[in-house]
Amino acid sequence: MTEEARVPQTLDAVAVRAWCGLALEALGRAREEIDAINVYPVADGDTGTNLYLTLESAVQAVEAAFAGHEPERPTAAEAVRAMAHGALIGARGNSGTILAQLLRGMAQVLSAEGAAGDATTLRHALRQAAESAYEAVAHPVEGTVLSVATAAGDAAASADGDCAAVSRAAYAGARVALEATPGQLAVLGRAGVVDAGGRGLVAVLGALVETFTGERPTAGVPVRARGAFAGAFAGDFAGDEVHARVPEPCGETAPAAGGAAGAPAYEVIYLLEAADRAVDRLRTRLDALGDSLVVVGGDGLWNVHVHVDDAGAAVEAGVEAGRPYRIRITHFGVGDVHTAPLGGDGRPPGERAQRGIVAVVPGEGLAALYAEAGATTVLARPGEPPASGELVQAVRRAHAREVVLLPNDADLRHTAAAAAEQTRTEGVRVALIPTRSAVQGIAALAVHQPDRRFDEDVVAMTSAAGATRYAELALAERQSWTSAGVCQAGDVLGLIDGDVAVIGTSGEDRGTLADAALTETAVTVLDRMLAAGGEMVTLVVGDDLPDTVAHRLERHVRDAHLAVDTVVYRGGRHAALLLIGVE
């Protein structure tokens, strides 16, 4: 049995990885069901999706931690910190933000010095998760995921035995609390459903049980209210005794559901780099602006979520506190929450375009270029590849019957395929063109003709992308073996079609970008690519590349390759140093 296939006895790095993967699968199975019962705090039908996207980001971070330690593996502390950090930076919506804090609370215990990852540590971690989530919410409301998390922590604390027994108790306690939520929160009782966020947490805890037992919980999880809201029921495991504290039913304390009179008009979410003291002041200010305030994180990085009428004021408050980024503002409109209020051509929400393009782009300048060509873009930042859910949302924003998807990165091919598969189930015809670089995407866009048949358009775009060789200039981050030999930290690397083909030293000071080294490496790469022929060279210049390098490359193509045209685009922030395309 392989290390990954064994049933772990403690929450070590392999167990963390397995739990994250199983939890993502569980949320994927339950996503639509959870979306359907989402009525609190806003009935916008996206709680399941937000939980999935949040955990997907956590999974990616854990996988990156394992990849960074190959052929070894990370420690348990490194794995849980990666999990918590990934959830923090990828948290979506009210529910996702709270889930991120639950995972962070667990990570604080599991990554502490001397933590063994055994049953005692797991009990403490589950209790800490609930406590930290309560602290992150400005005005905690019972009958929500907070109640479910508390019940799970209480049940775990009373459980005897190993990690499997503790996880079973937490899961069973969470199910009891989930069934009680309609009696605690009036809006749930009126709708006849349990809390959507709590339902998602039960799925995550069920995955924890599967991690330690190898068996998926089999009994169904209630989503509709029963006659007796707080009625207990048998657990999934024979002989389990559940010790869960279920809070007493509360009165009409919930804010109005989305769309009701007096409810805030916007959801504002952003990541924030700020000191603890500044975040305390931010909480006070945002609390006065709206409701559903959740601020999670720590150690200088925070995820801020709030519902407000004045979205600008919420962002300005973040600017005063520190540096907000990855800002997302969503208007709580009427109807399909995945539909943009108005298309760029003025189409009303209900009217779909015939065809759209969705593209992942590395750099704000490229994003603007693609948008000018009519594409819906997803910005990829260094070290932060988009999740499949982000691509699904982009396809929905395109609001078209037919969509061409351009991942523009070989590593995103499977992510894009998953997004395409999901959106096809929503009735959208999606074609995935496996572009490996943004310059291949530019070539595909250049031949795109929305008025011809979809299949013909896809074939033409695929052919143009495939006929474009691509290259990139990058800096080596550390000493490493490559297909072109050994590189040192700071060397200039010339990659052709994804493989290192040229290594150029950066000079005596390896921490600087020497114009000569950059130009020499780029020229060598260009000449090798053009040796096989070419009619057009596309250069995408990042903000960190000196302007003189681009000018020298243009002049070199003009002087050494007389029949070849050159076009230069600005990649902008977050772009690679230099992208090269040869058609």
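Tutor: Let us begin with a charge and a ring. The charged end of Arg17 lies over the ring of Phe66, 4.1 Å from its centre; this label requires NZ of Lys or CZ of Arg within 6 Å of the ring centre and within 35 degrees of the ring normal. The model is predicted, so local features need pLDDT of at least 70 and side-chain atom pairs pLDDT 80 or more, while totals for chains, interfaces and linings use all residues. Residues are numbered from 1 along each chain as its sequence is written, and side-chain values use heavy atoms, without hydrogens and water.

Student: At what distance from the ring centre of Tyr325 does Arg323 lie?

Tutor: Arg323 also sits over a ring face, that of Tyr325. The distance from the ring centre is 4.4 Å.

Student: Is Thr538 buried or exposed?

Tutor: Thr538 belongs to strand 14, residues 536–542 (strands are DSSP runs of E, at least two residues, and helices of H or I, at least four, numbered from the N terminus). Buried means under 20% relative accessible area, exposed over 50% and partly exposed in between, with a 1.4 Å probe and protein chains only. Because its relative accessible area is 3%, Thr538 is buried.

Student: Which element gives the largest share of the lining of the largest cavity?

Tutor: The lining of the largest cavity has 13 residues, and Met106 and Leu126 are among those nearest its centre (a cavity is a set of points on a 1 Å grid over the protein atoms alone where a 1.4 Å probe fits but cannot get out; lining residues have an atom within 4 Å of a point). The largest share, four residues, comes from helix 4.

Methods
1 Å grid on protein atoms, 1.4 Å probe; cavity = no way out; pocket = protein on both sides within 12 Å on 5 of 7 lines; lining within 4 Å.
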